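Please have the structure open while I go through them.

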Amino acid sequence: MEYNRLGRSGLKVSRIGLGAMNFGFVTDEAGSFEILNHAVELGINFVDTADVYGGPQTPDMEKGFGTSEEIIGKWLAQDPSRRDRIVLTSKVYQPMDTGPNDRGLSAYHIRRACDASLRRLQTDHIDVYQMHHVDRTTPWEEVWQAFEQLVREGKISYVGSSNFAGWDIATAQCIANSRHFLGLVSEQSLYNLTERTIELELIPALRNYGIGLIPWSSLGRGLLGGVLDNASSGRRSRPEMQARIERIRPQLEAYEALCRQIGERPSDVATAWLLANPVVSTIIAGPRTVEQFDQSARALDVSLSAETMAELDKIFPGPGGEAPAAYAW
């Protein structure tokens with residue numbers, strides 16, 4: 001396994017990380033344990049979850065919430081030495097109950113949500129605690145004060161963000177700097193060959209501040225995994241998936257033809273393309289089975305030539321570069 005620093009921090013994370021969103025939802029406890037064990041065997045040390053993961057978000061808040069964290073906590077409890085072998089992350093922001101203060105990034109909710117996650121995870125600290133979304137109704141002075149307190153108490157080590165805009169990153173980091181606080185070390189964002197909008201402003205902001213990018217949905221919600229093969233079976237046969245395929249069918253046909261030409265699987269090419277970006281620290285793989293996890297890890301052995309990278313840019317051109325040059329001149 002290869003490891004990268006998480007942004008400008010000294011923390012080393014595996015280039016492929018384990019996303020636990022399916023734990024307790026698509027994958028049962030036994031299957032989740034199997035995936036976790038296999039991840040450690042492969043040398044994968046980055047385990048990503050969230051307080052809200054584990055099932056559908058229902059209006060009555062009666063099921064799903066916290067299940068992923070609970071499963072990871074039970075796995076850790078089986079062998080306490082496992083805790084020191086992983087970089088454990090979780091997230092805060094999403095509604096965890098129906099009360100007015102059971103969501104967002106108020107100091108009130110951050111403190112209570114962190115304590116609840118620690119109980120479910122059966123650990124005394126979270127290595128990277130991430131804001132699941134930006135909360136523009138709460139002042140950054142309040143947000144950073146809450147995280148600083150958690151760091152002082154030893155409950156978290158680093159702070160990350162997820163689904164932030166470029167200007168949110170700049171605002172958050174400038175205020176953290178003014179408080180002499182490390183601030184953000186990572187940003188988890190939607191990024192793949194079919195979704196390249198963040199190249200305009202978010203990626204330049206991350207590079208400027210030394211914040212590591214953690215892409216999620218590396219396969220474009222399945223579109224980049226060789227979807228044209230067996231498109232009529234399984235999840236690929238669903239009407240919504242068929243509609244997404246048809247919207248970009250010419251691109252997908254060109255993409256899969258290129259993959260055949262270079263002798264690599266489409267899923268590996270999509271992942272290798274992300275790993276070639278120096279801003280990317282690790283990539284979230286959210287397997288439902290051990291076999292899917294092995295497939296994700298194989299991308300580490302794929303090296304894309306400059307010619308292949310150029311062809312991928314032609315097929316999926318993205319926004320045209322960074323702002324403002326992409327549209328102003």
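Glu148 and Arg179 form a salt bridge, with 2.7 Å between the closest N and O atoms; the term means a side-chain nitrogen of Lys or Arg within 4 Å of a carboxyl oxygen of Asp or Glu. The two residues are 31 apart in the chain, Glu148 in helix H4 (residues 140–152) and Arg179 in the loop between helix H5 (166–178) and strand E8 (184–190). Helices (H or I, at least four residues) and strands (E, at least two) are DSSP runs, numbered from the N terminus. Glu148 is buried at 10% relative accessible area, while Arg179 is partly exposed at 30%. Buried is under 20%, exposed over 50%, and partly exposed in between, with a 1.4 Å probe and protein chains only.

This is a predicted model: local features need pLDDT of at least 70, side-chain atom pairs count only at pLDDT 80 or more, and totals for chains, interfaces and linings use all residues. Residues are numbered from 1 along each chain as its sequence is written, and side-chain values use heavy atoms, leaving out hydrogens and water.

The whole structure has 19 salt bridges. Another one joins Asp268 and Arg298, at 2.5 Å from N to O. Asp268 is in helix H9 and Arg298 in the loop between H10 and helix H11 (306–315), so the pair ties together parts 30 residues apart in sequence. Asp268 is buried at 1% relative accessibility, and Arg298 is partly exposed at 37%. Through shared partners, salt bridges connect Glu264, Arg265, Asp268 and Arg298 in one network.

Now the helix pair. In H8, Tyr255, Glu256, Cys259 and Ile262 meet Pro266, Val269 and Ala270 of H9, contact being heavy atoms within 4.5 Å.
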